[in-house]
Amino acid sequence: RGQGMSASSTLTFKELPHALDAHFTVAQGYNAQVLVSWGDPLFADAPRFDPANQTEQHQLRQFGYNNDFIGFVPLPMGSDSSEHGLLVVNHEYCRSGMMFPGSPDELQLSEEQIKVNIAAHGLSVVEIKKHSSGQWQLVLDSAYNRRITPNTPMQMTGPAAGSQRLHSQYSTDGVKTRGTYGNCAGGVTPWGTILTGEENVDNFFGGDFSQSGEVENYQRFGMQEVFHTSWGLLDKRWDMRENPSEPLHVGWVVEIDPYDPHSVPKKRTTLGRYKHEGANVFINRDGRVVAYSGDDQQFEYLYRFISKERYQPDNRKANLSLLDEGTLYCARFADNGSMQWLPLVFGQGPLTTENGFQSQADVLLDCRKAADLLGATPMDRPEDVEVNPVTGQVYVMLTNNSRRTEAQTDGPNPRAKNLAGQVLELTPPQGDHSADSFSWDLLLVAGRKGDAGTHYHANISDNGWLACPDNCAFDNLGNLWIATDGAEAFGVADGVWATEVTGENRALTKRFLRTPMGAELCGPFFTPDAQNFFCSVQHPGDGSSYDNPKTRWPDFRDDMPPRPSVMVITKQGGGRIGS
Ligand code: FEO
Ligand code: CA
Ligand code: CA
Ligand code: CA
C-alpha cells in the first residue's frame, strides 16, 4: 500500500519514482510491450521500415509518425472483447529533423520527403489480437487495416456543409473535402466510431490571405503568412493566396467508422470549428448524446454539444448521424462554484447579422468569435475532457498558460504565469448533462509538490506530483489516469499518474509510468476489462536530431532513429491495471 493510502484504495500498485532517462519505465509488477512504432508495416504486403530510404509509397502502407490519441474498439463489433479489436491511432504532426538522415530543416525537404511527411499524418487503423502468452500482435492480413491521410476523401456534414465559404477549386459544392491532419486527441462513441480532433491546423498553411475574405477568421485562428511546413511549397492547396478557403476545411471533429474500411470519414460541423483537442461523448439519461470538447490554445474555451435525436442501442445506422443535428454551447464560469452553458445559435443573443453572422454555418465556422460575443470564460488551454463512467462528473485537463496575468486569474484558472496546469471537475445537477448550469471544483492544481498555489491530497509522495495534464482516461472503477505533456520542464519525465476522484484518496496522485526523454505521453486507453492499458509515446528524443538523437528508444540500434510508438501495459500474471 502506498504512503498515506487508505485501506479502501483501489490503486495499490507500487509507485514509480521520478526520473528522466532514455527509457520507458512502468511500475514494478507490470509489463510494457512496444505494440507498433512509426514505420511498422500495417499490411501483409507492406515493405519493412528502412529509415535511410523512406518513400511516400512505403509510408502509405506503414504506421504513421507521432502517435497521439488511441481508441480500441472490440471485435466482433458489439462484443466487449478485451483481447481482440481494432486499434485506431492519430498521427498528429511530424518533426522532419528527427525523421530523415541529415536532420533536414522543415523547409528544406526534398519533394519525396515532403510526400513522406504528408503521408505520415492522419490515422492508422489496425486489427490487434492478444495471444495466450499475454503478448499483443498486429493482424497484418486484416481487411480492416487502413491508413487515413491528409488526402483521404471525406465529407463535410451538418449545418456548415455546403456553405459558400467552403467552396474551392477542389470542393465545388462545399461538401466534398479531403483528409485530416493535426489530429490530437479524440474519443470512441458508444456506437463504435472514432472522433478525432483537428487541432493546430494553422501550422500547415502559409501565404498571403489578405484577399481571402477570411482575414478576421484567420487572424483569430493564428494563421500566418510565413510557412512552417513544406506542404504549401509542394502543393498550393496549403497556400492561402492560391486556395483561400482551404483552412476552413480543417479545425473540425472528424467521425470515422473503423468497422467499415471503405467508409468516408465525416467532418461534423455541428461541433464547431476551432483547435479541437478531441471530443468525448456521453449518453445523457434522456438518451441524447452529449459531446465535450476543448479548444486548446491559451485563453480559449470549453464546449459542449447536445444532439437533437436520441441514441438507439439497437440502431447503429441511426446513431451514425446523431452528431449532425443538435446544439453547441460554450462555458462561462463564475467564481462562486457555478458555471453556465451558453448556446451558440444563429439569431439568438448577439449571434446576428449585425455582428457578421448570416447563418448557423457562420456561427460554426466562426465559433471562437461567437463564443467571444457570448462571454465564454478564457481558459488555461483546455485539452482532454472526459466523463467519469461511475459518477457522471466531467473532468477537464487544463494544461498550462504562461501568459495569464494576476489580473486575469479567476476561479477555474487561479494562477498567473501558470506553467503546470490544473484539473477541473464539473458536476451536472442530478446527473443531467443537458442542464444549463453545472457546478465546478478544482480536483488538483499541478506543479512541484509544495510549490505555491499547488493543490493535491496532503499525502502525495515525493513522486506523486505532476505537471501539464494533457490527456486522461477513466478505468471501469472510476479512477482517473492523467497523462502529461511538459513535466520535463520541471526536471522529470512525462508519464501517467493515477488517482481516485472520490472519497478519502481524492487527488492522491501516484506515478505509474515514465516516458523516454523528449517524449510526451498521450492517448491513454483501457480495454473494457481494464486489464490492458494502451498509451502513446509521442516525439521521443524531441529537442535533438536524427543524426544525433538523445535517445534511440525503442530500438536502440545505430541505424534507427527514436520512433514514436504505441505501448500496451499489462499486469504480470494478469489482473486489473492499478491493482
Ligand atoms: Fe496536441 Fe492539445 O495537444
Ligand atoms: Ca493533447
Ligand atoms: Ca482521453
Ligand atoms: Ca500534447
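**Reading the fold of a predicted chain**

In this predicted model, 62% of the contacts in the chain with a separation of 6 or more are between residues 24 or more positions apart.

Biologist: What does the secondary structure of the chain come to?

Modeller: The chain has eight helices and 31 strands.

Biologist: How is the radius of gyration of the chain read against the globule rule?

Modeller: The value is set beside what the rule gives for the chain's length.

Biologist: What percentage of the residues count as buried?

Modeller: A residue is buried if 20 or more other C-beta atoms lie within 10 Å of its own. Of the 579 residues here, 56% count as buried.

Biologist: In what order do the six strands of the open sheet lie?

Modeller: A sheet is read strand by strand across its pairings. Here the order is 9-8-13-12-11-10, with mixed pairing. Strand 9 (176-178) and strand 10 (183-188) are the edge strands, each pairing on one side only. From one strand to the next, the twist averages 35°.

Biologist: How many bridges join strand 10 to strand 11, and do the two run parallel or antiparallel?

Modeller: Four bridges join them, and strand 10 runs antiparallel to strand 11 (residues 194-198).

Biologist: Which residue in strand 11 is the bridge partner of Gly186?

Modeller: The partner of Gly186 is Thr196.

Definitions and conventions: Residues numbered from 1 in each chain as written. Chains lettered and ligands numbered in written order. Predicted model: local features only at pLDDT ≥ 70, side-chain atom pairs only at ≥ 80, totals over all residues. Pairing = 2+ DSSP bridges. Axes fitted to C-alpha atoms, helices over the stretch in contact; angles between N-to-C directions. Rg over C-alpha atoms; globule rule 2.2 N^0.38 Å. Buried ≥ 20, exposed ≤ 12 C-beta atoms within 10 Å, placed from the backbone. Contact = placed C-beta atoms within 7 Å.
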